[in-house]
Amino acid sequence: MNVNDTEVIFSILADEGYDRTEVMDEADVILANTCSVRDNAEQRIWGRIEQFHQQKKTRPEVVVGIVGCMAERLKDALLDSRKVDLVAGPDSYRSLPQLLRDIAPDRPQINVLLSHEETYGDIRPVRIDRNGVSAFISIMRGCNNVCSYCVVPYTRGAERSRDPRTILREACDVFASGYKEVTLLGQNVDSYLWKGEDGTTVDFADLLEQVALISPELRVRYSTSHPKDISDKLIETMGRHDTICKCIHLPVQSGSDAMLVKMRRRYTRAWYLDRVAKIRSVMPDCAITTDIIAGFCGETEQDHQDTLSIMREVGYDAAFMFQYSERPGTLAARNYPDDIAPEVKTRRLSEIIELQNALSLESNRRDVGKVFRILVEGPSKRNPAELCGRASNNKMCVFPDTAHKAGDYVDVEVLSCTQATLMCRLV
Ligand code: SAH
Ligand code: SF4
């Protein structure tokens, strides 16, 4: 999501005549687009701010700006550090040119207003991916859920959906310029809803279908689904279209009902497993991936065991796994002590990671012998005589071949695997 926001910022600044450089010594303006979801993300940015400050010592005219969620959350602390000239929250990017013009020594500029309407719908992001094959498209912004651990609703504001016509136009544009895959982004795509002037509505399943029909050569992915909201209609729409990749990211967070209540996720373990069963009944080969938080407030050893057991029961293909990090101002920070000792959090997280490594390997082994259509992304990192690309289930495939190029579709047979990669041959 931040990558795509950066693409929006580049577009807004390009219209003002700014060029992009990745060489810090050349930059007149240095912007860091930031994440607040866990404390360690913010700590890394404080480290970067020190680094930018060194630049300012030799080049006092350089402008340093912090944009994104950390700007929204820590506005005053950032200004008080006297090391930044610009603080701009996620809904203020259209004002960046003006803010940059108004900066003067000892006159830092700030805009952290959140909006109920801003979707940057009309802006054509300047793509910064390196392969020219796969593009992100934001379909909504903000979030109306209040998961008790999560800072996102406070930093990114209320949920709003983007006009589907602008989404389709952007998808057609990127396809016309050579991209072969789009990923539709939202914090909770299942609650996407557009109400047209004529009273018609477009929900996420409708939107996904419209994007899926653009071309048989354009694949579509999306992230993230919320287990409480993922509908039969969406699952069945996915099943109907080959262009919709068969991979669902369905963050479970915990396998314990007590934790799920405290997290305010608004589903139970049984409900979650029912959604998984529905997905498997419509699309037996659909990959399911997840997010897990270890060591949330009051988590008992039994709660932790419940997380390990739901992981085994679902057999996740991949997961993002985190230790709980208390975020100031959230419901959890206000209501529940962050009472799991750091060494216990670390131990539980490593058990979760170890189990997921085994599940990922098992999942990959199940694919040995299968034939997949993959979208080539380019040469493999390890071996220039091999190409790599992803299957519909999002698994990375590598295979010896130099004849094809990024953006080609090829059929491969899986010969062997590691926990992270499928080793294949061209069919
Ligand atoms: N909208 C998405 C998640 C966005 S944040 C969803 O609802 O699934 C991405 C992931 O970061 C979350 O799924 C969660 O696992 C993790 N996360 C969020 N807040 C966290 C916190 N305070 N500590 C640790 N992990 C957190
Ligand atoms: Fe955060 Fe929950 Fe919204 Fe996801 S759905 S962004 S975890 S509040």
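Which residues is Lys-180 in contact with, leaving aside its neighbours within four places in sequence? Lys-180 is in contact with Val-133, Phe-175, Glu-217, Leu-218, Arg-219, Leu-375, Gly-407 and Tyr-409, where contact means heavy atoms within 4.5 Å. This is a predicted model, in which local features need pLDDT of at least 70 and side-chain atom pairs count only at pLDDT 80 or more, while totals for chains, interfaces and linings use all residues. Residues are numbered from 1 along each chain as its sequence is written, chains are lettered from A and ligands numbered from 1 in the order in which they are written, and side-chain values use heavy atoms, with hydrogens and water left out.

**Ligand 1**

- Ligand 1 is surrounded by 15 residues, and the closest are Arg-38, Gln-187, Gln-253, Asp-291 and Ser-325; a residue belongs to such surroundings if one of its heavy atoms lies within 4 Å of the molecule.
- The shell around ligand 1 comprises six nonpolar, five polar and four charged residues. In this classification Ala, Val, Leu, Ile, Met, Phe, Trp, Tyr, Cys and Pro count as nonpolar, Asp, Glu, Lys and Arg as charged, and the others, Gly among them, as polar.
- Strands β13 (287–294) and β14 (318–323) each supply at least two residues of this shell. Helices (H or I, at least four residues) and strands (E, at least two) are DSSP runs, numbered from the N terminus.
- A nitrogen atom of ligand 1 is 2.7 Å from an N or O atom in the side chain of Gln-187, and a nitrogen atom of the ligand is 3.0 Å from a polar backbone atom of Tyr-149.
- An oxygen atom of ligand 1 is 3.3 Å from an N or O atom in the side chain of Arg-265.
- Taken alone, ligand 1 exposes 540 Å², of which the protein buries 90%; accessible areas come from the Shrake-Rupley method with a 1.4 Å probe, and for residues only the protein chains shown count as cover.

**Ligand 2**

- The residues surrounding ligand 2 are Cys-143, Asn-145, Cys-147, Tyr-149, Cys-150, Val-152, Pro-153, Gln-187, His-226 and Arg-265.
- By class, the shell around ligand 2 divides into six nonpolar, three polar and one charged residue.

- In soluble globular proteins, nonpolar side chains tend to be buried together.
- The largest nonpolar core has 53 residues, of which Leu-184, Phe-204, Tyr-222 and Tyr-272 touch the most other members. Helix α8 (residues 204–212) gives the most to this core, with six residues.
- A nonpolar core is a set of buried Ala, Val, Leu, Ile, Met, Phe, Trp, Tyr and Cys residues joined through side-chain atoms within 4.5 Å.
- Not counting residues up to four places away in sequence, Leu-184 touches several residues, including Ile-137, Ile-139, Val-189, Phe-204, Leu-207 and Tyr-222.
- A second, separate core of 16 residues includes Ile-49, Val-64, Ala-71 and Val-84.

**Buried charged residues**

- Lys-180 lies in the loop between α7 (164–176) and β8 (181–185). With a relative accessible area of 16%, Lys-180 is buried; buried means under 20% relative accessible area, exposed over 50%, and partly exposed in between (1.4 Å probe, protein chains only).
- Asp-5 lies in helix α1 and counts as buried because its relative accessibility is 1%.
- Asp-5 touches Asn-33, Tyr-93, Arg-141 and Arg-156, not counting residues up to four places away in sequence.

**Backbone features in loops**

- The peptide bond from Ser-223 to Thr-224 is cis, with omega near 5°. Thr-224 is found in the loop between β11 (219–223) and α9 (232–240).
- Gln-253 has a phi near 70°, a positive value in a residue other than glycine. Gln-253 is found in the loop between β12 (247–249) and α10 (257–262) and is buried, with a relative accessible area of 6%.
- Asn-394 has a phi near 75°, also a positive value in a residue other than glycine. Asn-394 lies in the loop between β16 (386–390) and β17 (396–400) and is partly exposed, at 31% relative accessible area.

**Other loop positions**

- Asp-15, in the loop between α1 (2–14) and β1 (29–34), is exposed, with a relative accessible area of 67%.
- Ala-104 lies in the loop between α5 (96–102) and β4 (109–111) and counts as partly exposed at 25% relative accessibility.

Key:
Polar contact = N/O pair within 3.5 Å; in protein donor to acceptor, adjacent residues only side chain to side chain.
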